[in-house]
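Here is a report on one protein chain. Keep the structure open beside the text and find each part as it comes up.

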Amino acid sequence: MDSKEYASAYAIAKICGYTGSFDDFKNLYDQYYSEIIQTIEQYADSLDYRVIVCNTFRKPELEKFYLNTFVDAHVDGIIYTFLPSFPRLVEKIADTLPTVLIGEKQDELSVCSIELRNVAAGALLAEHLCQLGHRRLVFISTPFNQLSLARSQRLEGIRRQLESHGIRDGLEVLSAERSAEADALTNVPYEYNVGRALTAELIRRRSNATALIGVNDMTALGILAELTARGIRVPSDVSVCGFDNIFSSAITTPSLTTIDHHLRTRCQAAVDMVLSRTAPAAAPGPFVNKIEYTPQLIVRSSTGKAREGALESRE
């Protein structure tokens, strides 16, 4: 295919947990990232721009290869959907090539970004659960690391809000092993498997938690699946909620209470930010623009009033 057709816009989409062709979105098992990519592609296409998607599998050497390739190809811009492994290199590239990060919030990174207010999102969910009388919560997460600050930021927001209600020891945190994430290349989303496995652990030890919070919707869907398989009713026996408001969260049974991050608006803003940036040579200095969107609580059927008693399987 003529190379000029691809010269308009390139995007890096850094995604973990899927296998298959970069061009086949049915193989993007994490709905959140597949929705981001599809939205960016559709909007860029409406402006007569083309997008190339690259998956780094969280391998720093692969990420650097793509960065060097994009710079050499004189593309119009780069969009990251994950924190870069080489922040100083990306900052240097961003001085001459429009580069936008969509998703993570990191004040130290001098790159244009469309950021998530993850602390505020965590506080919103915690407040919703507190209003329903929940005082014993479990936060179920994939591993905490420096490449995904959203996990720790959401947890921080939950903790702060609980403490504002005088709840200082009512939150338990369960997270998967770090080594498991790097090895997780299966046909089932990694986050979903984490939700199921850690929920099974809670049931085995008869946890008295009244609400389970998934670090994202895919994890929460795994939580729901395990509870349903064990005959535990949601929300009659336990409440469940997540983050991101992916498509499946609205159509699962029961429908999932979650946080909406205005994904479509943020994706379009990222493309606009790339295309509207003036040439750095004409500017007095590096141009960095950071935009935040206020998260929105979406209350559905998976949360209800707190109940007493331990989680018990009815298999």
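## Where helix α8 begins

Start at Asn216. One of its side-chain oxygens comes to within 3.3 Å of the backbone nitrogen of Met218, at the start of α8. This is a polar contact: a pair of N or O atoms within 3.5 Å, where, within protein, one must be able to donate a hydrogen and the other to accept it, and residues adjacent in sequence count only if both atoms are side-chain atoms.

This is a predicted model, in which local features need pLDDT of at least 70 and side-chain atom pairs count only at pLDDT 80 or more, while totals for chains, interfaces and linings use all residues. Residues are numbered from 1 along each chain as its sequence is written, and side-chain values use heavy atoms, with hydrogens and water left out.

## Along helix α8

Helix α8 covers residues 217-229, which makes 13 residues. From first C-alpha to last, α8 reaches 18 Å, close to the 18 Å expected at 1.5 Å a residue. (The expected span is 1.5 Å times one less than the number of residues.) Helices (H or I, at least four residues) and strands (E, at least two) are DSSP runs, numbered from the N terminus.

How many residues of α8 are buried? The count is 11 of the 13, so α8 is largely enclosed by the rest of the structure. Buried means under 20% relative accessible area, exposed over 50%, and partly exposed in between (1.4 Å probe, protein chains only). Among the buried residues are Asp217, Leu221, Ile223 and Leu227. After α8 comes Gly231, with a positive phi near 75°.

Strand β4 spans residues 137-141, and five of its five residues are buried. Leu137, Phe139 and Ser141 lie on one side of β4, Val138 and Ile140 on the other. Both faces are covered.

Strand β4 has parallel partners. Two strands pair if DSSP finds at least two bridges between them. Five bridges join β4 to β5 (residues 171-175), with Ser141 opposite Ser175. Four bridges join β4 to β6 (residues 211-214). Here Phe139 stands opposite Ile213, and Leu137 has Ala211 as its bridge partner.

Strand β6 is also covered on both faces: Ala211 and Ile213 on one side, Leu212 and Gly214 on the other. Strand β6 pairs in the parallel sense with β7 (residues 239-241) over three bridges. In β7, Cys241 is the bridge partner of Ile213.

## The nonpolar cores

A nonpolar core is a set of buried Ala, Val, Leu, Ile, Met, Phe, Trp, Tyr and Cys residues joined through side-chain atoms within 4.5 Å. Which residues have the most contacts inside the largest core? They are Leu212, Leu227 and Val240, in a core of 47 residues. Elements giving two or more residues to this core include β4, α8 and α1 (31-46). A second, separate core has 17 residues, including Leu155, Leu162, Ala211 and Ile213.

Leu212 touches several residues, among them Val138, Ile223, Leu227 and Val240, leaving out residues up to four places away in sequence. Contact means heavy atoms within 4.5 Å.

## Cysteines and the whole chain

How many disulfides does a search of the whole structure find? It finds zero. A disulfide is counted when a pair of cysteine sulfur atoms lies within 2.5 Å. Cys54 is buried at 5% relative accessible area, and Cys112 is buried at 2%.

The chain has 10 helices and 10 strands. Of its 315 residues, 52% count as buried. Among contacts with a separation of 6 or more, 74% come from residues 24 or more positions apart.
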